[in-house]
Amino acid sequence: MKLINDETCSFCKSNKESLVHVFLECEYVKDFWSSLQLFWNTHTNSRVTLDTTGILFGFPSRFRLLNHFLLLGKRHIFLSSLHGNNLSIDTFTNNLKQICAIERFNANKNNETLAFENKWSVLSKKL
Ligand SMILES: [Zn+2]
């Protein structure tokens with residue numbers, strides 16, 4: 001484990017880096033969630049609001065793919081903070097494209113294309 005002496009948020013460099021700050025309250029993280037909301041609503045023709053409750057606990061099961069994206073988003077925030085990288089929605093959406101391609105490959109390989117389509121078909125604009 002990497003220990004650091006600096007408690008300052010690695011994104012904004014001005015606030016103490018608590019769990020609440022780094023996953024919800026930091027201005028850079030808020031921008032990230034806002035960009036993910038725009039990405040989701042644009043690609044699914046929907047009007048989901050990524051509020052604190054949704055980000056923390058997810059959405060009803062019909063939003064399976066969005067819930068997957070939220071988990072991956074939290075992972076992206078954590079890894080970006082850990083490595084001192086800027087929080088980039090473009091990097092994140094590129095990761096989503098790679099994950100989609102990997103899941104498509106595995107689905108084709110394992111004869112599970114229907115399950116893949118059920119999960120990813122909500123995206124009207126393909127990744
Ligand atoms: Zn911050």
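Mentor: One definition comes before the rest: helices are DSSP runs of H or I with at least four residues, numbered from the N terminus. By that numbering Ile-89 is placed in helix α5. Keep in mind that this is a predicted model.

Trainee: Which pattern does the chain follow, read along the sequence?

Mentor: The secondary structure comes to six helices and zero strands. Read from one end of the sequence to the other, the pattern is therefore written with helix symbols, as helices are DSSP runs numbered from the N terminus. The chain follows α-α-α-α-α-α.

Trainee: What percentage of the residues in the chain are buried?

Mentor: The C-alpha trace spans about 50 × 30 × 20 Å along its principal axes. A residue is buried if 20 or more other C-beta atoms lie within 10 Å of its own. Of the 127 residues in the chain, the buried ones make up 16%.

Trainee: Are α2 and α4 roughly parallel or roughly antiparallel?

Mentor: The two helices pack at an angle of about 150°, and their axes are 12 Å apart. Angles over 145 degrees count as roughly antiparallel. So α2 and α4 are roughly antiparallel.

Trainee: How many residues in the contact of α2 with α4 are charged?

Mentor: In this contact, Val-29, Phe-32, Leu-36 and Trp-40 of α2 meet Leu-66, Phe-69, Gly-73 and Ile-77 of α4. The residues divide into seven nonpolar and one polar, and the charged ones number no residues at all: the division gives no charged.

Trainee: What is the orientation of α4 and α5 to each other?

Mentor: Their axes are 11 Å apart and the packing angle is about 130°. The crossing of this pair is right-handed. At that angle α4 and α5 are therefore oblique.

Trainee: How many polar residues are in the contact of α4 with α5?

Mentor: From α4 come Phe-69, Leu-72, Gly-73 and His-76, which meet Phe-92, Asn-95 and Leu-96 in α5. The division has four nonpolar and no charged residues, and the polar ones number three.

Trainee: Is Ile-89 buried, partly exposed or exposed?

Mentor: Ile-89 touches Phe-32, Ser-35, Leu-36 and Phe-39, leaving out residues up to four places away in sequence. A buried residue needs 20 or more C-beta neighbours, and an exposed one has 12 or fewer. Ile-89 has 17 inside 10 Å, so the class is partly exposed.

Trainee: How far apart in space are Glu-17 and Ser-81, C-alpha to C-alpha?

Mentor: Glu-17 is found in the segment before α1 (19-25). Glu-17 and Ser-81 are 64 residues apart in sequence. In space, their C-alpha atoms are separated by 9.7 Å.

Trainee: Where is Asn-45 found, and is this residue buried or exposed?

Mentor: Asn-45 has a positive phi of about 50° although it is not a glycine. Most residues other than glycine have a negative phi. Asn-45 is in the loop between α2 and α3 (52-57). With 10 C-beta neighbours inside 10 Å, Asn-45 counts as exposed.

Trainee: In which loop is Asn-111?

Mentor: The phi of Asn-111 is also positive, near 60°, in a residue other than glycine. Asn-111 counts as exposed because it has 8 C-beta neighbours inside 10 Å. The loop is the one between α5 and α6 (113-120).

Conventions:
Residues are numbered from 1 along each chain as its sequence is written. This is a predicted model: local features need pLDDT of at least 70, side-chain atom pairs count only at pLDDT 80 or more; totals for chains, interfaces and linings use all residues. Axes are lines fitted to C-alpha atoms, for helices over the stretch in contact, and angles run from 0 to 180 degrees between N-to-C directions. Angles under 35 degrees count as roughly parallel, over 145 as roughly antiparallel, 65 to 115 as roughly perpendicular and the rest as oblique. Two residues are in contact if their C-beta atoms, placed from the backbone, lie within 7 Å. Ala, Val, Leu, Ile, Met, Phe, Trp, Tyr, Cys and Pro count as nonpolar, Asp, Glu, Lys and Arg as charged, and the others, Gly among them, as polar. A crossing is left-handed if the near helix is turned anticlockwise from the far one by less than a right angle, and right-handed if clockwise.
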